[in-house]
Amino acid sequence: MRALCWFGKEDVRLQEVPDPTIINPHDAIIEVNLTAICGSDLHLYDGYIPTMESGDILGHEFMGKVVEVGPEVQNLKVGDRVVVPFPIACGHCHHCHTDEFALCDNSNPNAWMAERSFGHSPAGIFGYSHLYGGYAGGQAEYVRVPFADVGPIKVPDTLSDEDVLFLSDIFPTGYQAVDVANIQPGSTVAVWGCGPVGLFAIKSAYMLGAEKVIAIDHVPERLAMARHQAGAEVLNFTDDPILEALKEMTDGRGPQTCIEAVGMEAHGTGLMDYYDKAKQTLRLETGRPHALREAIMACAKGGTLVVPGVFGGIIDKLPIGAAFSKGLTFKMGQTHVHRYLKPLLARIEKNEIDPSFLITHRLTLEDGPEAYKTFRDKQDECVKVVMRP
């Protein structure tokens with residue numbers, strides 16, 4: 001089969017690789033109908049996630065058709081059309097029983113690596129380094145899905161592939177960012193980053209009762225999408241002094257909920273931006289936390305800061321004193337996608353949201369290597385790439 005494979009920094013190739021096979025009774029094989037490049041895939045593309053190996057198959061956002069199931073998979077049959085959550089969960093450990101599927105104790109076969117880096121291992125993730133299990137990803141014609149009796153959700157024929165693809169990651173990720181903040185009706189939410197996760201966070205904030213959402217970015221087409229497609233008030237951080245603007249827009253209190261949907265490759269302005277880029281280049285810090293620092297400073301006293309943006313290691317000059325003094329609550333981590341599959345599928349079926357609104361590039365796997373560069377460099381007004389194998 002053909003698959004997009006990682007061969008090093010900025011080196012993604014379409015390769016012929018062996019077809020996946022059932023290796024565990026709980027496996028299924030999925031023929032991929034539609035897959036996407038996630039913003040977090042760019043951290044692999046840019047070489048910031050360790051333990052990648054040449055030839056690793058990329059991709060953790062995908063959906064498709066079941067073509068084979070292991071003997072213990074009772075909930076799926078050949079021909080079912082399914083969406084697959086990006087974290088892999090066993091369904092039986094302590095964390096799975098408490099709906100914390102991204103913290104599954106049993107799905108990362110390389111848990112020892114993660115324990116050295118993080119103290120404890122999170123769940124395995126498709127196509128996201130050997131630190132997260134070394135699983136082959138879904139930017140391919142076929143993919144093996146472990147614990148298939150736990151993760152995939154069947155989708156109705158009335159919905160298109162584009163309608164449901166983003167249930168695999170970015171729609172639940174944006175939704176969880178708001179859900180865990182426990183926002184109150186009439187509240188104001190600020191979102192750093194108008195990429196796909198940020199856009200879904202904006203949409204989700206309104207679904208869950210926010211009165212006002214303020215979106216912060218510097219890419220014109222993304223700010224336009226946040227304003228016109230998601231209904232946010234927008235700030236361009238290259239033009240507006242963000243802290244002052246947010247105070248003015250919230251009667252001096254600051255946003256009660258701040259969502260950092262940028263992660264380790266944030267852009268900023270001024271000396272701190274140069275400082276972060278230099279330290280990250282020299283690997284003296286693994287992330288550029290410009291947006292995170294700003295969100296801490298902007299957040300209202302007693303507020304909640306949620307971080308769905310991906311960080312992988314250590315960061316520098318975090319204003320922890322400001323967070324402590326204002327009594328902020330921090331929420332962060334990978335998304336417990338399984339928890340949100342049914343309720344968000346129901347919202348799609350009721351036409352409360354059309355998740356395909358952010359797709360700007362509909363391509364094929366052959367286009368994949370160039371699409372990574374286009375997406376990373378925000379060329380051609382690229383916001384979201386989907387690919388059909």
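Me: Axes are lines fitted to C-alpha atoms, for helices over the stretch in contact, and angles run from 0 to 180 degrees between N-to-C directions. With that settled, at what angle do α5 and α12 pack?

Reply: Quick heads-up: this is a predicted model, where local features need pLDDT of at least 70 and side-chain atom pairs count only at pLDDT 80 or more, while totals for chains, interfaces and linings use all residues. Residues are numbered from 1 along each chain as its sequence is written, and side-chain values use heavy atoms, leaving out hydrogens and water. Now, helix α5 (residues 170-179) packs on helix α12 (residues 337-349) at about 100°, and the axes are 10 Å apart. Helices here are DSSP runs of H or I with at least four residues, numbered from the N terminus.

Me: How do you know whether α5 and α12 are roughly parallel or roughly perpendicular?

Reply: Check the cut-offs: under 35 degrees is roughly parallel, over 145 roughly antiparallel, 65 to 115 roughly perpendicular, and the rest oblique. The angle is about 100°, so α5 and α12 are roughly perpendicular to each other.

Me: And what makes the contact between α5 and α12?

Reply: On the α5 side you'll find Phe171, Pro172, Tyr175, Gln176 and Asp179, which meet Val337, Arg339, Tyr340, Leu344, Arg347 and Ile348 of α12. Contact means heavy atoms within 4.5 Å. By class that's seven nonpolar residues, one polar and three charged.

Me: How are α6 and α7 arranged, and why?

Reply: Helix α6 (residues 196-207) and helix α7 (residues 220-228) have axes 10 Å apart and an angle of about 15°. That is why α6 and α7 are described as roughly parallel to each other. Where they touch, Pro196, Leu199 and Ile202 from α6 meet Arg222, Met225 and Ala226 from α7. This contact has five nonpolar residues, no polar ones and one charged.

Me: Which residues meet between α8 and α10, and what makes one of them charged?

Reply: Ile242, Leu243 and Leu246 in α8 meet Glu294, Met297 and Ala298 in α10. Asp, Glu, Lys and Arg count as charged, Ala, Val, Leu, Ile, Met, Phe, Trp, Tyr, Cys and Pro as nonpolar, and the others, Gly among them, as polar. Helix α8 (residues 242-249) packs on helix α10 (residues 290-298) at about 35°, with axes 10 Å apart.

Me: Where does Leu284 sit, and which residues is it in contact with?

Reply: Leu284 is in the loop between α9 (270-281) and α10. Ignoring neighbours within four places in sequence, Leu284 is in contact with Lys279 and Ile314. Leu284 and Ile314 are 30 residues apart in sequence, yet 8.5 Å apart in space, C-alpha to C-alpha.

Note on methods:
Helix = DSSP H or I, 4+ residues; strand = E, 2+ residues; numbered from the N terminus.
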